[in-house]
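Hi,

Here is the structure I promised to pass on to you. Have a look at it first, and then read on for what turned up in it.

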Amino acid sequence: MSEAYKRELVRGWCEAVTAAVFVQTINDADRPAGAAPWFTVQWEVDAVEVIGYCGVSQETGQLNIIVGAGPGGGDAEVAAATDDVVAELLANVDPQGQLTLERANGTTEHSAGSADRWYRLNTPISYRYVTGGP
Amino acid sequence: MPAKAYSTKGLQIWLGGTEAPAALVPTAITSAKPAVVTVANTAVVGDLVYVSNSGFPELDGKWFPVGTPTATQFELVGSDTTGTAGALATAPTVDLHAQGDAFDLSCLAKTITFNSDAPAAIQAGTYCDPSLAITSPIIPPTTVEVTGNIKIEDPAYGELIDAEADGVQRSLDIVLPFGQQHIVGPAVISMVTWDLPVDGVQGFRATMTCASKPQHRFEHA
């Protein structure tokens, strides 16, 4: 189960997204200037199961797509960016056939009220990651 | 002895090819556990043999893994002829099924299930005994169902599809990891179907029909 392969692959897909700016490290002091939508991703593993006698295993879970924008802009811009970012990411195909972004699930609010100024939406994308074997 | 349960990780599933087995002619078979076959030997570890007309009822019509091969002999793993009433026949035959001609399904497969049904009950009711039923003399064949993941890049998947098409009986050798030896027998790939869930991986389901029940061959403690 190569964590690095999975993350590097998706990092490349995210950097190619045009609908919003990809922010890799959300705890940096500075985010992209202005109120333009930005996004980041978080991995959330649900289960890992063995699906072959020679060491093939399958990890399933959610790739959380978190899209944010500056305060005071309402949700329209972030929602539109969410639709576009998710669509762009779902269009990617792993040439190795190991990682599949299966489908987008329901979008939820991901803001912390007045505790921070970024308005955010989270859309989990179900993924399936198959590794192992010769 | 401490309780143990062995993982199936590393299990191998060898299904023979369509090549005709090599015919070995034994010059001697010992009354021993395991029986040792003396022959101009080409068998290696991993090969299977099918013994017929050997003169030993403990061996005839049965499949054995090859053990401890040398240039002149090999053992029949899991055999026992110590108390035999048999003697070497005048024209004994041992068919050698080389593992080199077989293909390994283990990287495709994710489950193996053996199914053996009891003989069916035949209704034979009479006026005197309307509920009379007799047991059919026909024993349903053992079937082995293998499910797995479609992967056309794996040559074994193509071999599996071809095996269904040709219907040829092949050797089946399931090598259990952690030294738990072999489950062996004959098998015909009788059907391959596919499982295509809307949310999941592309899968296949292969059904093997066995002319005789596969046997677990190992040296008994």
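Let's start with a helix in chain A. The buried residues of α2(A) are covered by, among others, α1 (3-15), β2 (38-50), β3 (57-69), β4 (99-104) and β6 (119-131) of chain A. Some terms before we go on: helices (H or I, at least four residues) and strands (E, at least two) are DSSP runs, numbered from the N terminus. A residue is buried if 20 or more other C-beta atoms lie within 10 Å of its own, exposed if 12 or fewer, and partly exposed in between, with the C-beta atoms placed from the backbone.

Two notes on the source. This is a predicted model, where local features need pLDDT of at least 70 and side-chain atom pairs count only at pLDDT 80 or more, while totals for chains, interfaces and linings use all residues. Residues are numbered from 1 along each chain as its sequence is written, and chains are lettered from A and ligands numbered from 1 in the order in which they are written.

**Back to the helix**

Which residues of α2(A) are buried? They are A:V78, A:A81, A:T82, A:V85, A:V86 and A:L89.

**A residue packed against it**

A:T123 sits in strand β6 of chain A and counts as buried because it has 23 C-beta neighbours inside 10 Å. Leaving out residues up to four places away in sequence, A:T123 touches A:I65, A:T82, A:V86, A:A104, A:N105 and A:T107. Touching, or being in contact, means that the C-beta atoms of two residues, placed from the backbone, lie within 7 Å. A:T123 and A:I65 are 58 residues apart along the chain, yet 5.1 Å separates their C-alpha atoms.

**Where the chains meet**

Nine residues from chain A and ten residues from chain B make the contact. On the chain A side, five are nonpolar, three polar and one charged. Here Ala, Val, Leu, Ile, Met, Phe, Trp, Tyr, Cys and Pro count as nonpolar, Asp, Glu, Lys and Arg as charged, and the others, Gly among them, as polar.

**Chain B and its sheet**

Chain B holds one helix and 17 strands, and 34% of its 221 residues count as buried. Its domain assignment gives domain 1 (19-99) and domain 2 (103-217), with bounds that come from an automatic or database assignment. Their C-alpha centres lie 26 Å apart. Seven residues from domain 1 of chain B and nine residues from domain 2 of chain B make the contact between them. On the domain 1 side, strand β6 (residues 62-67) of chain B gives the most, with three residues.

Seven strands of chain B form an open antiparallel sheet, in the order β2-β8-β5-β6-β7-β4-β3. Two strands pair if DSSP finds at least two bridges between them. Why do β2 (22-24) and β3 (28-29) of chain B each have one side without a neighbour in the sheet? They stand at the edges, so each has a single partner strand. For β2(B), three bridges join it to strand β8 (residues 93-97) of chain B, and B:A22 stands opposite B:L96. Further along, β6(B) and β7(B) pair over two bridges, with B:G67 and B:E75 as bridge partners.

Most residues other than glycine have a negative phi, and most peptide bonds are trans.

- B:T68 has a positive phi near 45 degrees. This residue is in the loop between β6 and β7 of chain B and counts as exposed, with 11 C-beta neighbours inside 10 Å.
- B:N53 has a positive phi near 55 degrees. It is in the loop between β5 (48-52) and β6 of chain B and is partly exposed, with 14 other C-beta atoms within 10 Å.
- The peptide bond from B:K33 to B:P34 is cis, with omega near 0 degrees. B:P34 lies in the loop between β3 and β4 of chain B.

Cheers
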